[in-house]
Amino acid sequence: MYRDVMSLSKFLSRYVQVKGVDLNHVKHDEVKFLFPFLKRATFDEIKYNKELIYSGKVILVSDGKKTIPYYVPQLEMDVDYEYDEFERQSALTNIVDDKYYDYSSMSEYELRQLLRRKFNSKRNQKEAKKELLSRGIELKKTHKK
């Protein structure tokens, strides 16, 4: 249907004057929240009034998954205007467990869970491995040839 689609990062760079490495990861939902002054058009509007696309009043913008038509905002020419830096902040998802445990009272399953590197400290892994070995539980399977 439409072939000329602008990427969302390029649209924001040109019309909102933002730049940054994380600009390529922005999605339409975030744009709606961060930049409420950007107005969206509907596909029905451009279907019945193709002049919006041809005249450049509406641009099709893709974030890599969805394509949404946006009205082009009015630009003010200011030579001294600096681009704003766009930076995405990520929440900490992996919190490492560094508690002291009574390893002798833990079950084998609980000790094996402490061996997982993603969520436990090196000390917990080392102590869990020691406890499993002292119980005679083999951690690596050996294959007889």
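Student: Which strands and which helix do the buried residues of H1 pack against?

Tutor: This is a predicted model, in which local features need pLDDT of at least 70, side-chain atom pairs count only at pLDDT 80 or more, and totals for chains, interfaces and linings use all residues. Residues are numbered from 1 along each chain as its sequence is written, and side-chain values use heavy atoms, with hydrogens and water left out. Helices (H or I, at least four residues) and strands (E, at least two) are DSSP runs, numbered from the N terminus.

Helix H1 covers residues 8–15, and its buried residues are Leu8, Ser9, Phe11, Leu12 and Tyr15. Buried means under 20% relative accessible area, exposed over 50%, and partly exposed in between (1.4 Å probe, protein chains only). Seen down the helix axis, the buried residues of H1 fall within an arc of 165°, so they line one face; the arc is that of the directions from the axis to the C-beta atoms. An α-helix has 3.6 residues a turn, so residues three or four places apart point the same way.

The buried residues of H1 pack against strands E1 (6–7), E2 (18–19), E3 (58–62) and E4 (67–71), and against helix H2 (28–34). Contact means heavy atoms within 4.5 Å.

Two strands pair if DSSP finds at least two bridges between them. E1 and E3 run parallel, joined by two bridges, while E3 and E4 are antiparallel over five bridges. In E3, five of five residues are buried. After H1 comes Gln17, with a positive phi near 55°.
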